[in-house]
Amino acid sequence: QAIDSERRLTLTVNITARQLLDPGFVEDVRGAIDSSGIDAGRLVLEVAEGALVGGAAEALRRVREARALGVRFALDDVGARGATVGDPADIPVDILKIDRTCISQMARRAEDHAATRAIVALGRRKRLRTIAAGIEREEQLVELLRFRCEYGQGTLFSEPLAADDLLRLLRRD
């Protein structure tokens, strides 16, 4: 059963700092869960690190409240230029999403290769899932697997899908 639950598709929704700081944010999330009928554990709210910096205390409080509903949070753009993840133990997230620039430059720039490896290691150490964004080539996948990155997304796995094709995929889940 644990394997089946890991293989289920999840719905990931990007949220902005403005949305996160809205006083009605948690109620909006609760309403979306109730009206859609989605299992809260299959909903991942993806937030850029910068959204947790300005108004951090309030944003972090809302993240914690939404997580109490069963929703998971992903910290997006990890490794992007200018982003400083700090200690993810201080940020109530479940997933570190490695920025696509790290992945695209992995084979060309040693520091991005090292940065990607470090992000995956940090995620493992903190018991956070890691997702590599923007995987386009087989050699990127091979390296990420060598680092023990758990998940990936990108055109190597699927080109963008039209709505009808996506619905067919979801029905197979």
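In which helix is L166 found? L166 belongs to helix α8, residues 163-172.

This is a predicted model, in which local features need pLDDT of at least 70 and side-chain atom pairs count only at pLDDT 80 or more, while totals for chains, interfaces and linings use all residues. Residues are numbered from 1 along each chain as its sequence is written, and side-chain values use heavy atoms, without hydrogens and water.

**View 1. Overall fold of the protein chain.** The protein chain has 8 helices and 6 strands (DSSP runs of H or I with at least four residues, and of E with at least two, numbered from the N terminus). Their order along the sequence is α-β-α-α-β-α-β-β-α-α-β-α-β-α. Of the 173 residues, 35% are buried (under 20% relative accessible area; exposed is over 50%, partly exposed in between, with a 1.4 Å probe and protein chains only).

**View 2. A nonpolar surface patch that includes L166.** L161, L166, L167 and L170 make a nonpolar patch of about 330 Å² (residues with over 30% relative accessible area and no salt bridge, nonpolar side chains being joined within 5 Å and like charges within 9 Å). L166 counts as partly exposed because its relative accessibility is 38%.

View 3. D99 lies in the loop between β4 (95-98) and α5 (100-104). This residue is buried yet has no salt bridge (a side-chain nitrogen of Lys or Arg within 4 Å of a carboxyl oxygen of Asp or Glu). The nearest side chain of opposite charge, R100, is 7.0 Å away. Leaving aside neighbours within four places in sequence, D99 is in contact (heavy atoms within 4.5 Å) with D77, V78, G79, A80 and A133.

Definitions and conventions
Areas by Shrake-Rupley, 256 points an atom, 1.4 Å probe, with all protein chains shown as cover. Lys, Arg positive; Asp, Glu negative; His and termini not counted.
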